[in-house]
Amino acid sequence: MAAPIKSPGRVSAPGDGGVGDSPLRPDGTLKVAGEFAYASDLWIDGMLWGATLRSPHPRARIVSVDVGPALAVPGVRAVLTHEDVPGRKLFGLDDPDQPVLAFGEVRHQGEPVALVAADHPETARRAMERIAVEYEVLEPVTDPRAVIADPEGLKVQDRGGIVRHQPVVVGDVAAAKRAAEVVVAGEYEVGIQDQAFLGPEAGLAIPAEGGGLDLYVSTQWMHQDVRQIAPCLGLDEEQIHMTLAGVGGAFGGREDLSMQIHAGMLALHTGRPVKMSYNRYESFFGHVHRHPAQMRYEYGAAADGTLLYADVEIVLDGGAYTSSTVNVTGNAASLGVGPYEIPNIRIDAYGVYTNNPPCGAMRGFGAVQACFAYESMMDRLADACDLSPVEVRRRNAVSQGSRLATGQVIEAPAPLAEMLTRLEAMPMPPALDTASGTADLRDLPGGASQTTHGEGVVRGVGYGVGIKNICFSEGFDDLSTARVRLEVIGGEPTALVHTAAAEVGQGLVTVEAQIARTELGVQKVVIAPADNRVGDAGSSSASRQSYMTGGAVKTACEAVRAELLALAGRRLGRAHGDLAVAGGKIVSRAGGVLASIEEVLGGDAIEETREYHHRPTAPMDPVTGQGRSHTQLALCVHRAVVDVDVDLGLVKVVELAAVQDVGRILNRLSLEGQIHGGSAQGLGLAVMEEIVVSGGLVRNPSFTDYLIPTILDMPPMRLDILENPDPEAPYGLRGAGEPPTLSSTPAIVAAIRDATGRALTRVPVRPEHIVA
Amino acid sequence: MRVNLTVNGSKETVDDVWEGESLLYMLRERMGLPGSKNACEQGECGSCTVYLDGVPACSCLVAAGQAEGREVRTVEGLAEGSTGAGDQRLDPVQEAFVEAGAVQCGFCTPGLVVQSHDLIERVPDPSDAEIREALAGNLCRCTGYEKILDAVRLAARRKAAAR
């Protein structure tokens, strides 16, 4: 069948710009012109619209489902339930425990129960409302600590209540407790954060010849999608051809499937193309969120602030299904005390099943929650030892050669103490003038709607440090694949780069083109639409695509270049060891420019496909948590300056400053955008973002009630980007997308504590926490 | 029902519009103009911003029938002389968004471009406070807004220089 009229196309990267430059995004012109084909823009003649009926209850037994009244609605083409799933009824990102459509019991609010396909989206929605489902409502399991206390009694699934318990044991905590001169303790909580990507979950499924399926979807990891979709649809993986449709942000929320199997079922059933596109309300139920956390920390130290022990419990609520909770729990455990040297450690990290909203991947992936707690602890320790927040961190900071809690040695540079010193030395923003009564209301907490004139406004400063693992960990064979083709098109040597890696907004397509230019010495690079006709690229998550797909593109380009130089050697009668490419020419060290690439290639094309793997990692020991579980570690530090209206409980973040070590800057413009954007999401978690849940029910599934930072909330940023290369990584780079999301949250909360003197043990901080 | 309106300078007649449809739905699904985006469909995010008789509006909050006899200008028709679909002439605001790195996923971009275009038309040399106030109704989840401020400042400078 023909491709959709509005569908993803090739993008050409204009102009110069190798590794280290900041060329324009190849998809930028399409995006500003409104011409870029996002998943929700897909359109093909004769397509139907799909809709999903979801459970209104967090936990209930399904007594009966009657689809008859829905089928009778004019314009309805199909109504499907679990009985219509062609293959396996369960799927899952890491563990197939999630029903394609509920049967027997629903385990969270919003769980899909039935599907409708109709001629008009509104017809589909109205028909959906006429499906009669009888539920026997059951008491939901909503307290994760209660599950840990009684994992067999409070089972959401037959398999038991605990997804994973990962301990970390180092040294002798009991002995250290006797030796400590200073002891500090705290309990911390992190609410549920939503990825809140702006492009809704959407896609188009088109029946293909031979019973297969063409899928156009916005996702983060196409090959893993297909591995989950195929068995549920009763198809071989080869029968599913998936193309990445334009992705309107992801941040982890598209790593699990949303509408993929559902649209596939409707398309196979009706023999017609089917489009599904969630609205914002449905999106809040259509993807997993960041795990909420409850954490208990106790630290002991010498009187000078040197840490002696950490005794930690971290509880992460994964909701009803496994999703990525196993790995999120692993991250919380291995990074649970942050980038500090502590000789004696006991950590118990738990991921549990409940009937609360399902949780999984979000930017920072288990490291964010622990970071809020361990950084809050460092501030408590600073107070107890009468040290500055920066000094207590510097005194305990890891450096190259230090051991993490897992015993893993940090082999690459990790200049945390230097980063803190640089951060502290950055200029401060000017003080707010509240004395004269002439302050611009727009600069005050609360902005133009401020009801005072700044008389209760107090300034505070806080610091935060975070460490994040880059790429997949714990023994996963992490890989990416790239196919690179070099040929002369329109008289110009052109590199065509083809991968399955998802461009989700981060700028991977820009970096792919930069790498091809640098490695092949050409100007013109074309990026093919990402699809599964080339090998697995892994997920656009874990800050890993510059490393992994960048590494794959680099390796494939090197293979193409070697072949080009061999060809040049033969055609020019030279030993090819002496040859290189530069500026579109074949050059020799001895003889300078010998020929142009197009002269050497003529009508030939050189194409190579390469797989790239990072160094193997090891699982964490199930009892001690020890093991070299990560391949790369990245540090970011933040300073936050806030103004707090202590009478009204309003916070304005005045400035964020950050120092991050990225190993090597591939593209400064994109990199700064990642640091700004990651910091903004950390700001959101600090002061406004939370999916509010009671009794397993979401109370604020809209952008009216779930707030994300606006341009008025996000302050100007100062950045200091360091380049201490990691010799193991392509170009020495270090993944950069996630680390800023970790450290901005605790820095902002520390600044609010500095201004108010409040303990503030829960994020997001709300006005009532400040004025209570 | 039938709706007659002018879109990006061209008179259009749209048939079979259901009374409950929004202007956003009609543009996207019936007129082949999906540049205006459907991120929240309740007027909170600004991704669907279009000019309606020269004033920026969230097209998700405007019923299709309310556009009868009126002039709509979408991101596709923002560039001077641009007629939409497939025409890649760019307004200086659009150019500045690409050059300043203000585009990541790009889903908020059409709305922000229209809103920024309106700001610079009204206030040729906006202060940062004015930019922030004008764009406060447009959510962006990727950029942290720093590069968007850069883009608006750049576009204002370019437009001033061209006058």
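How many residues does helix α6 of chain A have, and how far does the helix reach from its first C-alpha to its last? Helix α6 of chain A, residues 222-233, has 12 residues. From first C-alpha to last, α6(A) reaches 16 Å, and that is close to the 16 Å expected at 1.5 Å a residue. Before I go on, please keep in mind that this is a predicted model.

Let me stay with α6(A). Its buried residues are A:Met222, A:Asp225, A:Val226, A:Gln228, A:Ile229, A:Ala230, A:Cys232 and A:Leu233. What do these buried residues pack against? In chain A, their partners are the strands β5 (90-91), β13 (213-217) and β14 (240-244), together with helix α7 (260-270). Just after α6(A) comes A:Gly234, with a positive phi of about 70°.

Next, another helix. Helix α3 of chain A runs over residues 121-129, and its buried residues are A:Thr123, A:Ala124, A:Ala127 and A:Met128. Those residues are on the same side of α3(A), because they cover an arc of only 135° around the axis.

Now the domains. In the assignment for chain A, domain 1 is made of 41-139, 200-247 and 254-286. Domain 2 consists of 289-473 and 619-771, while domain 3 covers 479-613. Taken over C-alpha atoms, the centres of domain 1 and domain 2 of chain A are separated by 37 Å.

How many residues of these two domains are in contact? On the domain 1 side of chain A there are 17, and they touch 19 residues of domain 2 of chain A. Which element gives the most to the domain 1 side? That is helix α8 of chain A, residues 280-286, with four residues. By class, the domain 1 side that touches domain 2 in chain A has eight charged, five nonpolar and four polar residues.

Last, the two chains. The contact between them takes 47 residues from chain A and 44 residues from chain B. On the side of chain A that touches chain B, the elements giving two or more residues are α1 (28-33) and α16 (668-687) of chain A. Of the elements on that side, α16(A) gives the most, with eight residues. The side of chain A that touches chain B divides into 19 nonpolar, 19 polar and nine charged residues.

That is where I stop.

How values were computed. Residues numbered from 1 in each chain as written. Chains lettered and ligands numbered in written order. Predicted model: local features only at pLDDT ≥ 70, side-chain atom pairs only at ≥ 80, totals over all residues. Expected span 1.5 Å × (residues − 1). Buried ≥ 20, exposed ≤ 12 C-beta atoms within 10 Å, placed from the backbone. Contact = placed C-beta atoms within 7 Å. Arc of directions from axis to C-beta. Domains from an automatic or database assignment. Nonpolar A, V, L, I, M, F, W, Y, C, P; charged D, E, K, R; others polar.
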